[in-house]
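Let's take a friendly walk through a protein structure, one piece at a time. Keep the picture open beside you and look for each part as it comes up.

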Amino acid sequence: MKVGLFIPCYINQLYPKVGIATLELLEKLGVDVDYPIGQTCCGQPLGNSGYEEESKGACKLFIENFKNYDYIVCPSGSCVYHVKKHFDILEQTDDVINVRSNIYELTQFIFQILVKTNVGASFPYKVGIHKSCHGLRGLRLGSCSERMDAPYSIEENLLKEVKGIQLKTLNRVDECCGFGGTFSIFEEAISVKMGKDRIQDHLNSDVEVITGTDQSCLMHLEGLINRNNQPLRVMHIAEILNSTL
Amino acid sequence: MSHAKEAELFNNDEAKVNWHDQALWFVRNKRDKAANTVKGWEALRNLASAIKSNVLSNLDNYLIQFEENAQKNGIHIHWAADAKAHNKIVHDILLKNNAKKVVKSKSMLTEECHLNPYLEARGIEVIDTDLGERIVQLAKEPPSHIVLPAIHKTKEEVDVLFQKHLGTIPSNGDPQYLTNEARKHLRDKFLKADAALTGVNFAVAETGGFVVCTNEGNADMGIHLAKVHIASMGIEKIIPQEKHLGIFLRLLARSATGQPITTYSSHFNKPSLGKEMHIIIVDNGRTEQLGREHFRSSLNCIRCGACMNTCPIYRRSGGHSYKATIPGPIGSILSPGMDLKKHSSLPFASTLCGSCSDVCPVKINIHEQLYQWRQIITKDIKQPTVKATTLKMAGRVLANSKLYGFLGKSARFMLKHLPKFIINSKLNTWGKARDLPKVEHDNFEDWYKKRKS
C-alpha cells in the first residue's frame, strides 16, 4: 500500500508541525508514506470564492502529483471534501476518478482503512472537539445534530482511546466557527463573532485544549484566543494522536 | 449595501446579537427535539423531497388538474405571470365586491409582490392579522423571518410600538397584556373586513382544495367572517394527492417551530353558501428558476424557516441584513434568480457549513446551490478589483509549483520579520480581531526534504 501525503497549502506554509505530526503518526502506524514534492493546493479557496474556473490549473497539478498512489491522506477534512466534491470541473479521466475516490481525511483513513482506534497516544488534558463542517457534513466523519441518524463520530472513536484524555461535551456540539475561507475576510464581523462564540462554549465547558481535523478553523480560533489572551490551547488532532506525554 | 456591511452594523450591538442568536437557537433546539420523536424522520424527508421532485417535473399537468378540480368546486382560479398581474387581479376582485377593508393572514408571496403598498395606494386598508406581521406592519418594517416575522423585536420594543399605535399603557413588555390588547384591536378589524386574503401552504391537485396553516387561527377568523376569500399561491405549492399532506404537515410544523402540528391546519375546498373564493396562481420568476438545472430544487421549499434558525450567520446578522423578501440561506439561493445584481452578495453570506441542507425538511442542497451561485456571480457581476485580481493571480500561482514555493517563502519571511503593527494594520482584515499564526523558518516541504537527505 503506497500512500501519498497531501499537506494543504496553509499547513505547509504556516503549520509545518501539523504536517510533521501527521507524517510521524502514519509512519508509527506502519504506513509507507511518501510526500510528493511540488504539491500546492486543491483549489478550494478559489472555488469557494466563485473562481472555480481559475482553479483548474491547481486541480490538474494536484491530480498529476497524486495519481500514482493507492491512497491519498490529508490532515484536513475540508480539502479532502473539495477534491471529492468539486473536482467534477475536470474531465473525469481514470486518474481523476481514482484520486477522487482514494483520498481520505487522516482520522477517516485510520478508522476506515487501517481499522484502528487506538494509536498508542497519551495526552492528559481536558479536550474539546471542534467538529469542522466540511469533515462533518461533507465527509460525514460523524453524525451531525441536524439529522436524526444514529450518533457516531470517528474523531471521538480515536480520541477516546488516547490515554489520560478527558473529552468535554459542548453546549452546541457542531456549530460552525465562522472561518469559511475568504468568508473570514469578506464577512469579517460575523466571522469573528462566530469564532468568539465557539471559544466561549469551550471555555464554559472547562476545556483546556481545542482540537479538530481542520487547521484552518483552528487557525481562526487560535487567532482570536491569542489576541484576547484566553486560557486555551489549540492543537490539530494529528498532534494529539501523535503525542506521548 | 452588501450583506457584510449590514451584518457589521447589526454587530455593533453585541448584546442584541447574542439575544437574537439565542432566541433562534432555542427554536432550532425545539425542532431537534420534535424531529427526534418521529421515527423515520430521515425517511420522511426523503419522501417529501421525492414528492416535490415529482411535482416539479410534472408541474404543468398538476396545475391544470388543480385548476379543473377547484373550478368544479366553485372556486375562481386566476393566473398571474408576475407580481404586477397578481396585484391587479386582487384589486379587481376587491373592486368588483366593493371591498374597502381587507384582513390578510401570513403570506410571503404577497410580500414578494409588494401587495400592501399597491392596495394602500388605491385607498384600501390592509391589516396583517398574524401578530408578528401586525407588529412589523405597525413599525413599517418588512418581516425579518418568514415564520417569525418580528423575531428581531424585543417585547419591550413591542410595548412602545403598541403604546404609540394601539394606545396601550406601559407594561414593561408584559406579553399577556400586549397580546390581549392586540387581540382586541384585531377582533375589531376582523369584524369590519370586506375581504380576507391568505397564502396557501399546500394545494392538492387531486381535489382542488388547499391548506392554510396558522398558529393563531387568524386566517380562519378572516375567511369565515368576510364575504370574499382570496388565496395567493406560487405555482410550486402543489402536491399531487391529499394523502401526501400527512408527510408535509408533519415535517412543516416540527421544522418551523418544533410543534407536532400547527395549531390550525385549515382545509378549504369550496366557498360557503353566498360567499366567493378565489385562488391566484402566481409565477413571478418561478418557471425561470425551474429552468435552471442547479437551482431547480430551491422550489421544493415549504417555507418552514428551519434554515434560518440553524444558520449561524442569519442568527448573528438578523433577517433585515439580507435586504430580500426571503432572508437567510433559502432566500440567498432564491433571490439571485429574481435580481442577480441586487442580491449578488447573498450567496457569499455563508461559510458553506451545510447545516441548512441537513436541517431542510425537503432536502434542498442549499449550501451547494450557494456555491453554484458564486460561480455565476463572479462571471456576471463586477467584483471588487482587489478580490478578483488576487484570486485570479492565486489561480496561476497554485498551478505552478516553483512560483508557489517562492511566494510561500517570501510570505513566511514577511510574517516572521515585519513588526506586528504593520502586519495587523488596516490593510489586513484578518488582523482586526485575530492574530496571525506565528511562523517557523521552514515550511513542511523544506523540513521534509532535509529529513530525507
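## The model

What you see is a predicted model. Its scores are ipTM 0.97 and pTM 0.96. For chain B, the average pLDDT is 95, and 98% of the residues score at least 70.

## Domains of chain B

Chain B is assigned three domains: domain 1 covers 1–30 + 300–383, domain 2 covers 38–284, and domain 3 covers 389–452. Notice that domain 1 is written as two stretches of sequence, 1–30 and 300–383. Taken over C-alpha atoms, the centres of domain 1 and domain 2 of chain B are 23 Å apart.

These two domains also touch: 21 residues of domain 1 of chain B are in contact with 21 residues of domain 2 of chain B. On the domain 1 side, helix H2 (14–36) and helix H14 (306–310) of chain B each supply at least two residues. H2(B) gives the most to that side, with five residues. Sorted by class, the domain 1 side that touches domain 2 has eleven nonpolar, seven polar and three charged residues.

## Where the chains meet

Now zoom out to both chains. In the contact between them, 57 residues of chain B meet 59 residues of chain A. Which helix of chain B gives the most to the side that touches chain A? The answer is helix H19 (residues 385–398) of chain B, with six residues. By class, this side of chain B has 28 nonpolar, 14 polar and 15 charged residues.

## Two sheets in chain A

One is an open sheet of four strands in the order S2-S1-S3-S4, with parallel pairing. Strand S2 (32–34) and strand S4 (103–105) of chain A stand at the edges; each has a single partner strand, so one side of each has no neighbour in the sheet. From one strand to the next, the twist averages 35 degrees.

Inside this sheet, you can follow single pairs of residues. Strand S1 (residues 2–5) and strand S3 (residues 71–74) of chain A pair in the parallel sense over three bridges, and A:Val3 stands opposite A:Tyr71 in S3(A). S1(A) is also joined to S2(A) by three bridges, again running parallel, and here A:Lys2 stands opposite A:Asp32 in S2(A).

Another open sheet of four strands in chain A has the order S6-S5-S7-S8, with parallel pairing. Why is one side of S6(A) and of S8(A) left without a neighbour in the sheet? Strand S6 (166–168) and strand S8 (233–236) of chain A stand at the edges, so each has a single partner strand. Neighbouring strands of this sheet are turned by 35 degrees against each other on average, direction ignored. Strand S7 (residues 209–212) of chain A pairs with S8(A) in the parallel sense over four bridges. In S8(A), A:Met235 is the bridge partner of A:Thr211.

| Helix of chain A | Strands of chain A touched | Angle to a strand |
|---|---|---|
| H7 (residues 106–113) | S3 and S4 | about 105 degrees to S4(A) |
| H12 (residues 215–227) | S5 (126–130), S7 and S8 | about 165 degrees to S8(A) |

## A closer look at one residue

Finally, go back to chain B and find B:His229, which lies in strand S7 (residues 228–234) of chain B. Is B:His229 buried or exposed? B:His229 is buried, because 23 other C-beta atoms lie within 10 Å, and the cut-off for buried is 20 or more.

Who surrounds this histidine? Leaving aside its neighbours within four places in sequence, B:His229 is in contact with B:Ala196, B:Thr198, B:Ile223, B:Lys275, B:Met277 and B:His278.

Conventions
Residues numbered from 1 in each chain as written. Chains lettered and ligands numbered in written order. Predicted model: local features only at pLDDT ≥ 70, side-chain atom pairs only at ≥ 80, totals over all residues. Domains from an automatic or database assignment. Contact = placed C-beta atoms within 7 Å. Nonpolar A, V, L, I, M, F, W, Y, C, P; charged D, E, K, R; others polar. Pairing = 2+ DSSP bridges. Axes fitted to C-alpha atoms, helices over the stretch in contact; angles between N-to-C directions. Buried ≥ 20, exposed ≤ 12 C-beta atoms within 10 Å, placed from the backbone. pLDDT = per-residue confidence, 0-100.
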